[in-house]
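Please walk me through this protein model.

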Amino acid sequence: MRTVSLFYKKENVTILGLSLIFLYNLRDLLFPLNYQQDDITELEPTYLESFMCAFGWGDQHPLFSGIIWTLSRIFESPEHAVSILVLFFGILTIVIFFNTLSNLFNYSYAVLGTVFLITSPIFNTYSVGLKQYNFEILTSVICLYFLQKNSKALLVKKDYIVLSVSSLFLFLLSFVNILMLFLLLLFLINKITLKQTTYFATFFASVVIFQGELISKIQRVSNGGYWDNFFINTTSGYEFFDSFYFLSQLFFKSLFPIVLHPISVFLLFISIVFVFIRNDLIVFYSLCSIFLLYVLSALKLYPLGGGRTDLLFIPFLIIIILNFFKYISETILIVKGSNSFFILAVLYLSIILLLTQPYYKNETINPILIEIENTYNSEEVAIVVTEEQSHSFLYYSKKLYGFSYKSSQTCSFESNINNLFIQRNDEKIEPIKEIQNFQEIILVGIELPNTSGQLRLITNQLIDEGYHVKDEKTYSGYLKLLYFTEG
């Protein structure tokens, strides 16, 4: 009894230690002065007057937007509260995943697998930001938890109630979670009675209610153009294998900060053979999840190797790799002890912490807003902001200078900065005649080195209209501030 107690104490200390290492590694990135513009888009529901408007604003993650709206009514800086929530879900993922691996393999393999997770560049990046992706990876490990629990003993009524409530909650946090949730239900279907299926009534009802939004999201991914390069090309045998291999490499890079050689991607496919040799339900579920990812990519329904879109599948990739390690070590290398994999985990963690740093895109817009403070609502100066930076511009202008944007009953809002003009993506400035009434124009945007984007599009248009650049300043994160005058 004392030995068991010490074992669990060792596991708890390890989980705590790995969680602290995870947080320490992110220490310089947490709670930035300005979150990058893509994260700030998640805060736009805070401009709306009602929870239901925010809920509807959320597109593929309505509940998440509703939570953000609620936090904005409690905290002056809701972005920090949202960040803490996202970080909390990340820690919860680490805890559940470690316990799952410990039960599936052993203590040392659990340490190694969790080290893989906490050093994943994608997991680190989206634990800092304000996106819903940590809710997605949590869904994956929760599915593993319930499947593992069911493999040891049949789930009881309480378990099904918790699972059904969790499914509803997680689906509304991110519609993409439906992939893992439905796959889990398929694995449990032969053990679920008709009475037990009624526990999932609200979950299935919510799927039906939001089927329009769900289908719309799938159509945008499939036809939107942004993800086209992340679909397996099936037009010919050569294109298939070329895209299959390339996207698999990107998928691996979502987990490993350092990929020693492109040939290492074949580790995944070699590992698949050993799934059938071991014949474990959890490992097989992981294989089916990875197979689902590749099938959806080939069907142009879900991107492969897209970074943030890989996060949902990273726990399954780790399990398949660990299963391969375990078979090789115990069958071919005849390594029965577990200390070697604990040492491997420590060495790998040390190397990653020494050689790599977690990444978060730095877009500090506050210095620009402070510089142009006196031009807000000016009758002589027009402020033009590119679409991509407009989200940060509006939010931090509101935070710094107290602007309150007008929300309507139609669940929309408009800025009360009268001289502000936002250029939509890849379009010319629509209200060019209105802008021509101003003597000076200030342009705010971003321009990465050796690129030509929205900022340059507007610059060229203004030059064609007779303006010339009086001054140009570059800020952290390649943000740009340009001054134009007539003639």
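A residue is called buried when its relative accessible area is under 20%, exposed when it is over 50%, and partly exposed in between. The model discussed here is a predicted one.

E447 shows the cut-off at work. The relative accessibility of E447 is 13%, so E447 counts as buried. E447 sits in the loop that runs from β5 (440-446) to α22 (454-464). Which residues does E447 contact, once neighbours within four places in sequence are left aside? They are L455, R456, Y478 and K480. With R456 there is a polar contact, side chain to side chain, at 2.6 Å.

The loop lies between α2 (37-40) and α3 (51-57). E44 has a relative accessible area of 9%, and is therefore buried. Beyond its neighbours within four places in sequence, E44 contacts W57, H391 and F413. The side chains of E44 and H391 make a polar contact at 2.5 Å. E44 and D28 are 16 residues apart in sequence, and their C-alpha atoms are 26 Å apart.

S174 comes next. Is S174 buried or exposed? At 1% relative accessibility, S174 counts as buried. The residue belongs to the loop between α9 (157-173) and α10 (178-188). Not counting residues up to four places away in sequence, S174 touches Q60, H61, Q132 and E136. The side chain of E136 also makes a polar contact with the side chain of S174, at 2.6 Å.

Burial can also be followed along a whole element. Helix α7 covers residues 121-128. Seven of its eight residues are buried, so the rest of the structure largely encloses α7. The buried set is I122, F123, N124, T125, Y126, S127 and V128.

N416 is in the loop between β3 (413-414) and β4 (420-423). N416 has a relative accessibility of 21%. Why does N416 count as partly exposed? Buried means under 20% and exposed means over 50%. The 21% of N416 therefore makes N416 partly exposed. Leaving out residues up to four places away in sequence, N416 touches N377, F403, S404, Y405 and K406. Y376 is another point of reference for N416. The two are 40 residues apart in sequence, yet 10.0 Å apart in space, C-alpha to C-alpha.

N377 is one of the residues that N416 touches. N377 lies in the loop between α19 (366-371) and β1 (381-386). Its relative accessible area is 33%, so N377 is partly exposed. The backbone of N377 deserves a look. Phi of N377 is near 60 degrees, a positive value in a residue other than glycine.

K300 has a backbone entry of this kind too. Phi of K300 is near 60 degrees, again positive in a residue other than glycine. K300 is placed in the loop between α16 (281-298) and α17 (314-332). With a relative accessibility of 44%, K300 counts as partly exposed.

Step back to the whole chain. How many helices and strands does the protein have? There are 22 helices and seven strands. The C-alpha atoms fill a box of roughly 80 × 55 × 50 Å along the principal axes. The radius of gyration is 25 Å. A compact globule of 487 residues would have one near 23 Å, so the value for the protein agrees.

Of the 487 residues, 52% count as buried. Take the contacts between residues at least 6 apart in sequence. Among these, 75% join residues at least 24 apart.

The accessible surface is about 22700 Å², and 61% of it belongs to carbon and sulfur atoms. The protein has 31 positive and 38 negative charges.

Key:
Residues numbered from 1 in each chain as written. Predicted model: local features only at pLDDT ≥ 70, side-chain atom pairs only at ≥ 80, totals over all residues. Heavy atoms only, no water. Helix = DSSP H or I, 4+ residues; strand = E, 2+ residues; numbered from the N terminus. Rg over C-alpha atoms; globule rule 2.2 N^0.38 Å. Buried < 20%, exposed > 50% of the residue type's maximum accessible area, 1.4 Å probe, protein only. Contact = heavy atoms within 4.5 Å. Areas by Shrake-Rupley, 256 points an atom, 1.4 Å probe, with all protein chains shown as cover. Lys, Arg positive; Asp, Glu negative; His and termini not counted. Charge placed at Lys NZ, Arg CZ, Asp CG, Glu CD. Polar contact = N/O pair within 3.5 Å; in protein donor to acceptor, adjacent residues only side chain to side chain.
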